[in-house]
Structure formats: structure tokens, C-alpha cells
Amino acid sequence: MAWFRKDKKPLKAQDRRDVPTDVFDKCKGCGEILYRERLAQNFNVCPDCGYHLRISAETYVELLIDSDTFEEMDADLRASDPLGFVDSKPYPERIAAAEAKGKSEAVLCGTGELDGIEVVLSVMDFSFIGGSMGSVVGEKIARAGRVALEEARPFLIVSASGGARMQEGIYSLMQMAKTATVLARLHDASIPFISILTHPTTGGVTASYAMLGDVNLAEPEALVGFAGPRVIEETIKQELPKGFQRAEFLEEHGMVDRVVDRREMKEMVATILRHQHAGWRP
Ligand SMILES: [Zn+2]
């Protein structure tokens, strides 16, 4: 049985180069190298430790919505550059670079059926300028909310955001009020709004629609907060408790209703909507 004890030779630099980087992902939870296709089949949840890796808006739509029922809305809305903003590069160039990666904005909106229930949903995508909320994100979410209102369909928002898009200054902050107003109208009409918080949901998104759900669900270990922990520690001059701003901590303290594994999210949302059914059906 000598081969059991055979020393493993480290990979030579040459061998390492032969491993295609687009085939594998490393799990941030357990460090395991995972075959990307297997990971995708599991909705980007690590099969070994359950860590929830980042997921695209399109994949989240696939996860929640019955196949062949999704119809995208407002795909052609594009940001303007009202402030002529330039940081390391002009804002229009930043938008163009983000678009070149195949997304049109940081949110994908549409209608579809979730386990046979007609819904409207908006899913944010962190890969587009950090999921930042500019005027297009706000407008698309407000329009989606209005469709939910007009057609009396439950509304879902899946959030993933670094906060307001600083390149649009006050225009991005105004989206907080705009989206919150539409959600208030849904509330008045007794149409359910479910907010799903994914890692990370921060800044102006947390301070507006993300925390306004009739039910707020969060993925395991998602960071959800307004300011980051370092800023808070420096401001209040206190060490923050362990797990602060993580989904489980927020559930324990009543900010989040339930932490739900992504693979069970559809079933959970369907169950909640069926419970509320009598309230919203016209
Ligand atoms: Zn893992």
C-alpha cells in the first residue's frame, strides 16, 4: 500500500497554467475548488459548506420564476450623466465599460409566474457598478411597482447593492423616495411586497425599498446594513458584536423575518404569497 503514502508533488508552474480559470471557482466559505458547472446547477451555493456565492440577476430569475414565463420590462432605459461626473474616468465611460460585460443596468425587471402565481419582480445585479442605485434602477423599480399595482400582482425585489450611485449625486438619492412612494401605494392597495436581501445589501438600497417588505427575507450570511461596520465602529468608538449586520444577527434582532437558503427561496415565497392570497386577489 506504499502508494497511499506517496508524496504529492506540487504542481509545476507549467501545469498550473493549463488549468482553465473559467472552469473552476473557489468557495469563499470553505476554500474548496468547485467545478463551475456543478456550482451553477446548485444556484451558486457551495455543495460542501452551503456558502452562497454571488449570482447573476438572470440566474435569480431562473431560480424564482417558472420556465418560459418571464417577460422583461424596460430593458432599454439608459442612464444619462446629469452632473458631468468624472472620477477615475467619466461616468458615461464607466457605464459603457459595465455594458460591455453584457448587462444593461444594475436591475432586471419583468413579469412572470412563481409556482403558478403571477408576480412582478425586480432583481438587482451586483456585477453592474456594484449594484449601485442610480436613476435607471430607481425608475425601473418604480415602473415595476406600478405594474404590480395596476395588475394586482405581488411584487418581489431581490436586492444586491453597494448603495446609491455616487456618480449621479442627488438624482440617485431621490430614487429612495420614488421607490418608497410606489411601495406605499402597494401597501394601501393590500398588494404584497416581498423583499429578498442578498449579499451585500447596503446604503441607500437598505435605507429604502430593501427593508420595506411586508416580509423581508435574507440569504444566509448576507451582509445587510446602511453604513459599513468600519464606519460605524469609528463613529461610535465601540467594538461591534460578532456577526453584526449579517442576516442571522438581523433575524435574531427582528430586522429580518427569516433567513432562507437560496435553494428553498422559491418555495418560501410561494408559501407566503398563498397565505396572503385572500388579501390581495382582486
Ligand atoms: Zn464551501
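Predicted model: local features only at pLDDT ≥ 70, side-chain atom pairs only at ≥ 80, totals over all residues.
## Starting at an exposed loop

Let's begin at Lys 237, which is exposed, with 6 other C-beta atoms within 10 Å.

Asp 68 is not a glycine either, and its phi is positive at about 65°. As background, most residues other than glycine have a negative phi, and most peptide bonds are trans.

## The overall layout

Stepping back, the protein chain is divided into domain 1 (15-53) and domain 2 (55-280). Their C-alpha centres lie 25 Å apart. Where the domains meet, 5 residues of domain 1 are in contact with 9 residues of domain 2.

## The seven-stranded sheet

An open sheet of 7 strands can be followed in the order β3-β4-β5-β6-β7-β8-β9, and its pairing is mixed. β3 and β9 (258-259) are the edge strands, each pairing on one side only. In general, strands of a sheet pair through backbone hydrogen bonds, either parallel or antiparallel.

Start from the β3 end. β3 and β4 run antiparallel and are joined by 3 bridges; Met 73 has Cys 109 in β4 as its bridge partner. Next, strand β4 (residues 107-114) is joined to β5 by 8 bridges, again antiparallel. One of the pairs here is Leu 114 with Ile 117 in β5. β4 and β5 form a hairpin with 2 residues between them, and Asp 115 in the turn has a positive phi of about 50°.

Further along the sheet is strand β7 (residues 193-201), which contains Pro 200. The peptide bond leading from His 199 to Pro 200 is cis, with omega near -15°.

Is strand β5 (residues 117-124) largely enclosed or largely open? It is largely enclosed by the rest of the structure, because 6 of its 8 residues are buried. On its other pairing, β5 meets strand β6 (residues 155-161) in the parallel sense, over 4 bridges. Val 123 stands opposite Val 158 in β6. To get from β5 to β6, the chain passes through helix α5 (residues 135-151), and this β-α-β crossover is right-handed.

How far apart are the end C-alpha atoms of α5? They are 24 Å apart, which agrees with the 24 Å that its 17 residues should span at 1.5 Å a residue. Several residues of α5 are buried, among them Val 136, Val 137, Ile 141 and Ala 148. What covers the buried residues of α5 includes β3 (71-73), β4, β5, β6 and α6 (169-188). Just after the helix, Ala 152 takes a positive phi of about 50°.

## A loop that meets the helix

Leu 77 belongs to the loop between β3 and α4 (91-99). Leu 77 is partly exposed, with 16 other C-beta atoms within 10 Å. Leaving aside neighbours within four places in sequence, its contacts are Glu 105, Val 136, Glu 139 and Lys 140. Two of the names in that list, Val 136 and Lys 140, are buried residues of α5. The C-alpha atoms of Leu 77 and Ser 104 are 8.2 Å apart in space, while the two residues are 27 apart in sequence.

## The nonpolar core

Which residues touch the most other members of the largest nonpolar core? They are Leu 156 and Leu 197, in a core of 56 residues. Not counting residues up to four places away in sequence, Leu 156 touches Val 119, Leu 121, Ile 194, Ile 196 and Val 269. As a general rule, nonpolar side chains in soluble globular proteins tend to be buried together.

Methods. Residues numbered from 1 in each chain as written. Core = buried A, V, L, I, M, F, W, Y, C linked by C-beta atoms within 7 Å. Buried ≥ 20, exposed ≤ 12 C-beta atoms within 10 Å, placed from the backbone. Contact = placed C-beta atoms within 7 Å. Pairing = 2+ DSSP bridges. Right-handed = clockwise from strand over helix to strand, strands pointing away. Expected span 1.5 Å × (residues − 1). Domains from an automatic or database assignment.
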